[in-house]
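Open the model in your viewer and keep the selection panel handy. Each stop below says what to select and what is there.

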Amino acid sequence: MKVVLYLVGAVAMGLMHVDAISASESLAALYNRGNEQYRAGHFEAAISAYQRVLAEGLNNGEVYYNLGNAYFKNGQLGRAILSYERALKLMPKDADVLANLQFANAQKVDRETEDEENVVTRVLQAIFAFFSVDMLAVMVCVFVFGLGGVAVCWIFMPIRRVLWGGLLALVAVALLGSASMLAFKSHQHRIPKAVILADEAIGRSGPGRDFLQVFTLHEGTKVKIERAEGGWLLVRLHSGLGGWIEASALERV
Amino acid sequence: MKNKKQIFFLLFPISIALFWTQWARAQDVILRASVDRTRVEVGEQIQFTVVVEAAQMGGLPQPQVPTPAGLHLSGSSSSTSMSVNFVNGAMTSKRTTTYVFSFVAQNEGTYMLGPAQLTHDGKTIRSDRVRVEVVKASGQPQTRAAPQAGRSMSEAEIRDIEQNLFLQAIPDKRVVYVGEPVRLTYKLFTRYDLRNVQYGHVPTFTGFWTETTFDAQRLNMQRETVDGRAFNAALLKRLALFPTTAGKHVLEQLEVNCEIVAGRRSRSLFDFDPFGAFDTQHVRVRSGDVEIEVKPLPRGAPIGFGGAVGQFEMRAEAVPTSLKAGDPVALKVVLRGKGNLHAIADLMRPKGAAFKFYDPKTNLETDGTRLGGQKTFEYVAIPQRDGQVTLPPFALAYFDPVQARYKTAQTNPIVLRVAPGEQGPQPVAGLPGEEVRALGSDIRYIKPDRTRLVDQSLSLHQRGGFWLLQAVPVLGVAGAYIYRRHRERLAGDVAYARRRRSRSEARRRLGKANQLMHAGDSAGFYSEIHRSLARFVADRTNRAAAGLTAEQVGVVLAECGVDEQVIARVQDVFATSDRVRFAPGEGSAEEMQRLFEQTEDLIGALERCI
């Protein structure tokens with residue numbers, strides 16, 4: 001009886017797997033059709049093809065990247081930047097995405113004030129940017145195994161206490177470092193961000209049209225979302241400037 | 001006596017100085033001639049002013065002015081002023097006499113007025129000659145308007161005031177092209193003593209770009225003769241009007257409010273004012289209507305024509321003329337001439353890819369009349385290639401209203417020597433070719449087609465398996481620790497070692513007993529059964545197995561708290577195996593099987609108890 005159940009289960013699993021593969025293949029076909037439209041210069045058709053792929057619930061950086069390109073060529077700068085930001089979230093180290101995002105950002109109206117950078121912050125930022133979330137996860141895993149390995153060695157060869165103790169401390173520090181960086185990075189990823197899609201969005205001192213106008217943002221500018229209230233979002237700029245913007249003027253990354 | 005001497009010494013240098021200056025400047029007599037306007041209509045007046053400047057204290061004769069045929073000398077007047085200056089002990093004196101000769105134009109044509117000349121100390125001194133143009137009368141009515149009195153007056157009175165007080169708007173042209181300036185002069189003529197002269201309505205001149213060249217801050221009266229009558233005339237305003245739209249424009253009237261001082265002349269018994277010093281009459285004067293016809297610019301404007309009207313010339317200079325590729329060169333283009341310079345925003349820049357231009361900085365300097373001047377365009381250009389590069393001319397297409405045709409002003413071409421820039425590696429000598437340059441920038445191309453698309457929404461650390469994997473080393477370390485403890489006890493603790501081995505030993509012996517049972521060796525079987533059970537109990541309780549009899553087993557097991565029934569069964573197995581062991585041939589196969597199973601059960605039961 002049990003054997004029969006296992007068999008049925010295995011067959012079902014296999015079928016589901018096959019089903020998943022065929023779904024992914026049909027989505028790939030849709031994506032390829034989008035690429036075809038892009039090559040032919042039919043950017044609107046390409047956009048709708050890519051959007052259908054994404055509407056199926058598939059989160060793929062290459063699809064977002066190509067969608068961004070199609071939006072850019074179609075003259076929709078805000079949506080292009082939004083798509084590139086989404087692609088970057090999924091493929092943080094992809095050179096194409098970084099290059100096109102930079103190119104698109106250079107076309108927008110608002111200019112972000114750059115921080116004053118000294119050598120230390122630049123080095124730290126370079127290190128921080130070098131490690132991706134997945135890389136850090138792999139490092140955490142490796143260090144956990146390393147820690148276990150050293151502990152087992154110590155258990156079976158208790159004579160070399162200094163060697164094993166030193167190694168243990170070293171690996172533990174590395175583990176702590178990578179784990180805290182992973183935690184920080186994944187926290188950063190979770191901060192909700194949005195891109196302005198309207199031509200012009202007015203930042204106000206409160207959630208309503210009667211409040212004082214604090215600043216004006218233009219299409220393509222990226223902001224952090226801090227609070228939401230009744231169709232209004234409290235956004236903060238890189239410079240620290242904050243204001244309430246109507247939720248319809250922007251879209252979350 | 002002493003004092004007298006001092007005064008003499010004091011006076012002597014002063015008198016010497018006075019004499020010296022007089023002697024030195026006696027010869028300096030200057031004659032300057034000018035006219036109030038160079039173009040008049042037939043019937044209008046020209047004032048020819050001759051200024052005689054002399055250092056001499058004594059009088060000079062009136063200069064002689066010839067009257068050209070076609071003009072009629074209608075009158076003359078003169079005034080004299082004198083100034084004496086002491087500067088650092090040196091005295092200069094100047095006597096200036098101004099003679100105004102009024103001519104009335106009778107015939108059209110171009111006339112030369114002057115030279116004015118006078119003879120002094122046997123020498124004849126001449127002024128410059130001034131060229132004037134007399135054009136046909138335009139047929140417009142005299143530009144004067146009736147003054148409006150502040151209170152009711154009789155018609156005779158109004159006519160009387162009209163004759164003696166009027167405001168004239170005098171344009172220099174009445175027919176112009178769009179963009180061609182009209183000089184408009186407002187003059188107030190009066191034979192009364194005026195007070196409180198103020199502007200009422202000031203025209204806004206719709207359809208014109210206005211530049212004010214003169215705006216009187218106070219009335220500066222000069223004598224002028226109109227229709228044979230001498231007037232005090234004051235220039236109020238002088239404007240340059242640049243028409244912006246074609247069509248007939250009637251200029252708004254300028255309005256001036258003033259009071260006429262009429263002296264102590266009372267009109268009636270009741271008007272008599274015993275306290276007022278003067279009887280004043282409030283009057284409002286307006287300039288007459290002036291119609292300007294603005295003609296549209298003719299068809300056939302050249303390409304690049306931007307509405308410049310006038311006469312222009314241009315020159316350009318570049319600093320520096322030898323430079324490196326990529327370095328900027330400052331180009332200064334100066335546009336000079338008469339016309340609507342303010343309307344010229346930019347010039348036609350040279351075409352071609354050899355230079356990159358940035359938008360110019362402009363600076364407009366107009367002359368006093370605002371009808372001309374110079375406009376400077378400062379460009380920054382960056383040569384795009386090296387070698388000897390010729391900067392093609394800048395150009396301006398404009399309309400010349402005098403010749404009524406379009407013209408183009410051009411700058412001279414400028415040759416620049418451009419040395420190769422520093423940036424980028426230089427091509428290796430002997431190898432032809434040039435460095436690859438980026439011609440444009442665009443976004444990077446799309447990602448290629450895929451046969452499968454992977455969902456990337458979950459990163460590695462967000463999957464459950466990742467954290468399960470982290471449990472592996474933890475469990476490994478725990479297992480290793482437990483294993484080491486086990487090994488240590490086995491090595492050091494006999495009781496632990498025997499106890500740990502007891503079950504496997506018992507199983508091994510039972511296996512052997514099973515083999516003996518199947519071989520039919522009953523003696524061996526019972527002996528093995530007995531041994532396995534006895535050794536098991538001995539191992540579990542860490543005793544010697546040799547002397548373990550059925551009674552002793554009972555005591556030992558009872559000490560360990562084993563159930564009475566189990567003890568009885570153990571003792572039964574011991575008894576049975578002992579009995580059959582020492583009486584061979586006994587025991588059937590069934591009995592052996594039963595005993596074997598009983599022993600197996602017992603070992604299992606005892607394992608749980610002890």
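How are α3(A) and α5(A) oriented to each other? They are roughly parallel, a label that covers angles under 35 degrees, with over 145 counting as roughly antiparallel, 65 to 115 as roughly perpendicular and the rest as oblique.

Before moving on, some ground rules. This is a predicted model, in which local features need pLDDT of at least 70 and side-chain atom pairs count only at pLDDT 80 or more, while totals for chains, interfaces and linings use all residues. Residues are numbered from 1 along each chain as its sequence is written, and chains are lettered from A and ligands numbered from 1 in the order in which they are written.

**Stop 1: a helix pair in chain A**

Select residues 61–73 of chain A, helix α3, and residues 95–107 of chain A, helix α5. Their axes are 11 Å apart, and the packing angle is about 25°. Axes are lines fitted to C-alpha atoms, for helices over the stretch in contact, and angles run from 0 to 180 degrees between N-to-C directions. Helices (H or I, at least four residues) and strands (E, at least two) are DSSP runs, numbered from the N terminus.

The crossing of α3(A) past α5(A) is left-handed, meaning that the near helix is turned anticlockwise from the far one by less than a right angle; clockwise would be right-handed. Now show the side chains. α3(A) brings Tyr65(A), Gly68(A), Asn69(A) and Phe72(A) to the contact. α5(A) brings Asp96(A), Val97(A), Asn100(A) and Ala104(A). Contact requires C-beta atoms, placed from the backbone, within 7 Å. Sorted by class, there are 4 nonpolar, 3 polar and 1 charged residues. Here Ala, Val, Leu, Ile, Met, Phe, Trp, Tyr, Cys and Pro count as nonpolar, Asp, Glu, Lys and Arg as charged, and the others, Gly among them, as polar.

**Stop 2**

Zoom out to chain A. It has 8 helices and 7 strands. Of its 253 residues, 31% are buried. Buried takes 20 or more other C-beta atoms within 10 Å of the residue's own, exposed 12 or fewer, and partly exposed lies in between, with C-beta atoms placed from the backbone.

The contact takes 38 residues from chain A and 26 residues from chain B. On the chain B side these are 12 nonpolar, 7 polar and 7 charged residues. Chain B has 8 helices and 31 strands. Buried residues are 24% of its 610. Among its contacts with a separation of 6 or more, 71% join residues 24 or more positions apart.

**Stop 3: an open sheet in chain B**

Select β2 (39–41) and β6 (109–113) of chain B, then β9 (residues 130–135) of chain B. These 3 strands form an open sheet in the order β2-β9-β6, with mixed pairing. Strands pair if DSSP finds at least two bridges between them. β2 and β6 of chain B are the edges; each has a single partner strand, so one side of each lacks a neighbour in the sheet. Neighbouring strands are turned by 30° against each other on average, direction ignored. β6(B) and β9(B) run antiparallel and share 5 bridges. One pair to pick out is Leu113(B) with its bridge partner Val130(B).

**Stop 4: a two-faced strand**

Go to residues 255–261 of chain B, strand β19. Which residues form its covered face? They are Val256(B), Cys258(B) and Ile260(B). The uncovered face holds Glu255(B), Asn257(B), Glu259(B) and Val261(B).

Ile260(B) is bridged to Gln281(B).

**Stop 5: a helix pair and a loop**

Finish with α5 (residues 522–541) and α7 (residues 564–581) of chain B. The angle is about 150° and the axes are 9 Å apart. That makes the two helices, α5(B) and α7(B), roughly antiparallel. This crossing is left-handed.

Last, pick Leu548(B), in the loop between α5 and α6 (550–559) of chain B. Leu548(B) has 19 C-beta neighbours inside 10 Å, so it counts as partly exposed. Its contacts include Ala534(B), Val537(B) and Val553(B).

Key:
Contact = placed C-beta atoms within 7 Å. Lists of a residue's contacts leave out its neighbours within four places in sequence.
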